[in-house]
Amino acid sequence: MLTNPPTFSNTTSHLSSVTIFGRLQFCWSSRAGTLSITVLTILNNLFLLPLCVSVLYVGLKRWWQQGKGMPLSHSNILTYHIVILELMNVLGSTLSCFGVHTNITTMEAVGIYFLANVFSGQMMFHILTCVERYLAVVHPITYVALKSAKGIRLRNITISCVWLTCLIGMGYLSLPDERILMLLSFCMVPIALAVISFCSISVLCVLIRPGPGSRGGNRQQIDQSKVRAFHTIMAILSLLLIRFGGHICVNALYDHEHLSNGNTCAIWLAESWFCLPTGLMLPLLFLYRARKIPLCRPKQ
């Protein structure tokens with residue numbers, strides 16, 4: 001049990017002892033931390049890895065069949081980038097888990113830097129996904145215009161900025177106090193939550209509102225399409241609210257004065273569990289739309 005204030009062994013460098021990187025290594029060496037990274041790695045390899053590989057396989061197969069010159073949709077491109085990010089998540093957790101169990105500090109460090117990309121990038125790609133669906137439903141004319149070469153260039157620049165932000169995010173590990181990172185999170189999370197909620201609710205309002213085509217013989221088909229879109233948006237919004245709510249609760253409980261050092265580590269590491277459902281969500285929705293999930297294929 002960890003009952004004393006955070007201290008580090010003599011084998012840990014002085015730099016690590018005063019950074020978030022060192023704090024993370026210290027927490028993973030505890031019983032709660034070792035159990036957390038082990039279970040998370042098992043779940044990532046059992047569920048997340050097969051889904052990501054399936055998405056990339058379906059995407060490459062579709063790209064090959066349609067022709068290499070055919071432009072890909074914005075939603076699919078965002079999904080592919082999220083899948084690449086989630087593969088980094090699987091690789092990072094696996095390397096960190098092996099590093100913790102084998103006491104190989106270098107392997108653990110590489111895994112931590114991979115995971116640092118995931119925590120910042122996952123949130124931004126989900127924001128872009130919601131904005132893309134908001135434009136597609138609420139502003140269809142603008143969305144069609146974004147399919148031009150200029151729109152594709154703008155999309156690529158935006159995605160490049162997200163990846164650049166992910167690389168910069170690795171610098172957070174060298175911050176001297178994890179409270180600085182939590183302060184940045186408290187600033188980012190409400191903004192992201194507001195943007196995603198606005199986009200999702202706007203999309204739902206448009207989908208629920210009856211349109212000109214809802215009269216006549218196509219009423220049932222249009223209603224079925226609205227129901228599928230409604231369920232998709234609600235799934236995205238619900239999981240993101242759970243993640244952001246968990247993020248806020250973890251940060252709020254972190255500095256509780258009655259918590260022991262071991263419990264503080266357990267609460268801090270619990271934040272990664274709120275990222276797992278959101279990581280599974282978009283690959284599952286992609287395979288659902290591609291009719292690659294036998295038990296829940298969409299109706300014709």
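Accessible areas here come from the Shrake-Rupley method with a 1.4 Å probe, and for residues only the protein chains shown count as cover. On that basis, the chain has an accessible surface of about 16,400 Å², and 69% of this belongs to carbon and sulfur atoms.

A word on conventions before the tour. This is a predicted model, in which local features need pLDDT of at least 70 and side-chain atom pairs count only at pLDDT 80 or more, while totals for chains, interfaces and linings use all residues. Residues are numbered from 1 along each chain as its sequence is written, and side-chain values use heavy atoms, with hydrogens and water left out.

**Confidence**

The predictor's confidence in each residue is its pLDDT, from 0 to 100. The chain averages 75 on this scale, and 72% of the residues score at least 70. Among the elements, helix H4 (residues 74-102) has the highest mean pLDDT, 91, whereas helix H1 (residues 14-17) has the lowest, 38. Over residues 1-18 the pLDDT is below 50, and this stretch has 22 contacts in the model beyond near neighbours in sequence; a contact means heavy atoms within 4.5 Å. Where pLDDT is low, the predicted coordinates should not be read in detail.

**Overall architecture**

You will find 11 helices and zero strands in the chain. Both kinds of element are DSSP runs numbered from the N terminus, with helices being H or I runs of at least four residues and strands being E runs of at least two. Of contacts between residues at least 6 apart in sequence, 78% join residues at least 24 apart. Of the 300 residues, 43% count as buried, where buried means under 20% relative accessible area, exposed means over 50%, and partly exposed lies in between (1.4 Å probe, protein chains only).

The unreviewed UniProt entry places the feature "transmembrane region" at residues 35-58, 78-101, 113-136, 157-175, 181-208, 229-254 and 266-288. UniProt positions are given in the numbering used here, feature names are shortened, and annotations may be inferred rather than shown by experiment. Residues 35-58 are 100% helix and 0% strand in the model, with end C-alpha atoms 34 Å apart.

**The cavity**

How many cavities of 30 Å³ or more does the structure hold? There is one, and the largest cavity contains about 30 Å³ of space. A cavity is a set of points, on a 1 Å grid over the protein atoms alone, where a 1.4 Å probe fits but cannot get out; lining residues have an atom within 4 Å of a point. Grid points are joined across faces, edges and corners, and the volume is the space filled by probe spheres set on the points. The lining consists of Thr 129, Cys 130, Arg 133, Cys 199, Ser 200, Val 203 and Ile 233. Helix H5 (105-138) and helix H8 (178-208) are the elements that give two or more residues to this lining.

**Residues worth a look**

Ser 36 belongs to helix H3 (residues 31-66). Leaving aside neighbours within four places in sequence, Ser 36 is in contact with Leu 269 and Trp 273. Leu 287 is part of helix H11 (residues 275-289), and Gln 25 is part of helix H2 (residues 20-28).

Asn 103 lies in the loop between H4 and H5. Its phi is near 60°, a positive value in a residue other than glycine.

| Residue | Relative accessible area | Class |
|---|---|---|
| His 126 | 2% | buried |
| Leu 287 | 5% | buried |
| Gln 25 | 11% | buried |
| Ser 36 | 12% | buried |
| Val 137 | 28% | partly exposed |
| Asn 103 | 68% | exposed |

Leu 287 and Gly 59 are 228 residues apart along the chain, with 9.8 Å between their C-alpha atoms. For Gln 25 and Val 100, 75 residues apart, the separation is 8.3 Å. Val 137 and Cys 199 are 62 residues apart in sequence and 9.9 Å apart, C-alpha to C-alpha.

Key. 1 Å grid on protein atoms, 1.4 Å probe; cavity = no way out; pocket = protein on both sides within 12 Å on 5 of 7 lines; lining within 4 Å.
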